[in-house]
Amino acid sequence: MSTGKTLNLTQNLHEYLLSVSLREPEVLLQLRQDTAHHPRANMQVAPEQGQFLAFLVKLIGAKKTLEVGVFTGYSSLSVALALPPDGKIIACDVSEEFTSVARRYWEKAGVADKIDLRLAPGIETLEYLLAQCHAETFDFAFIDADKENYYAYYELALKLVRPSGLIAIDNVLWSGRLIQPEIQDPATLAIREFNSKLAQDDRIDLSLIAIADGLTLVRKRN
Ligand code: CA
């Protein structure tokens, strides 16, 4: 019986969901397996989430996109494969080590020319893009980096996307730590504040999707 609340996925039901809906290209599967042994493998987006981002990019006909937080490249590769041949991603990260894996897979998938990697703190890159007249030119942005800077990334991304453009922000349910008041570490505090601010933000429409660790979708109002 429906309670009006999102179904709590058991492992079996999650496996079923994947079995009837996941269409993961071979190169993404290889990247996921390659990253599974990485000490920070939990930073990789879930495969159904990669597919969802690709779906959104196709749905809105995105051409120019932004990513803040690349890690080993699963989300950027998902998006790049969904973009048209003249599509572009400006991808921001600070780790030469993690993004070297990403670069290898972008090459392997034949999409390296669509991805412009900027190795610098994300805020610097986004401010630079604004200064270079990229305001309101992006169709889509994905934010999945250090949580303490989430709100700053969001404010800059909101300036960079066009009216009706889409911003997706990852980890907004933060494994449920948000509703445990005794948890007060900087990342948890930052996500709590981020979610509260977005709830009140009348510049946007939003929807929080209970996929993986929670994904907020923001549409910039005209
Ligand atoms: Ca994430």
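Q: How many aromatic pairs does the structure hold?
A: The structure holds 5 aromatic pairs, where rings of Phe, Tyr and Trp (its six-membered ring) pair if their centres lie within 6.5 Å, and planes under 30 degrees apart count as stacked, over 60 as edge-to-face and the rest as tilted. The model is predicted, with local features requiring pLDDT of at least 70 and side-chain atom pairs pLDDT 80 or more, while totals for chains, interfaces and linings use all residues. Residues are numbered from 1 along each chain as its sequence is written, and side-chain values use heavy atoms, leaving out hydrogens and water.

Q: Why is the pair of Tyr151 and Tyr154 called tilted?
A: The ring centres of Tyr151 and Tyr154 are 5.5 Å apart and their planes stand at 50 degrees, so the pair is tilted. Both residues belong to helix α7, where a spacing of 3 residues separates them by about one helical turn; helices here are DSSP runs of H or I with at least four residues, strands are runs of E with at least two, and both are numbered from the N terminus.

Q: What makes Tyr154 buried and Tyr151 partly exposed?
A: Buried means under 20% relative accessible area, exposed over 50% and partly exposed in between, with a 1.4 Å probe and protein chains only. Tyr154 has a relative accessible area of 0% and is therefore buried, whereas Tyr151, at 22%, counts as partly exposed.

Q: What makes the pair of Tyr154 and Phe194 edge-to-face?
A: For Tyr154 and Phe194 the angle between the planes is 90 degrees, at 5.7 Å centre to centre, and the pair is accordingly edge-to-face. Tyr154 lies in helix α7 and Phe194 in helix α8 (residues 186-199), so this pair ties together parts that are 40 residues apart in sequence.

Q: How do you know that the charged end of Lys197 sits over the ring of Tyr151?
A: A charge sits over a ring if NZ of Lys or CZ of Arg is within 6 Å of the ring centre and within 35 degrees of the ring normal. The charged end of Lys197 is placed 4.0 Å from the centre of the Tyr151 ring and is listed as sitting over it; Lys64 likewise lies over the face of Phe138, at 4.6 Å from the ring centre.

Q: Why do β3 and β6 stand at the edges?
A: Two strands pair if DSSP finds at least two bridges between them, and 7 strands form an open sheet of mixed pairing in the order β3-β2-β1-β4-β5-β7-β6. Each of β3 (115-119) and β6 (204-209) has a single partner strand, so one side of each is left without a neighbour in the sheet. β6 pairs with β7 in the antiparallel sense over 6 bridges, with Leu206 and Val218 as bridge partners.
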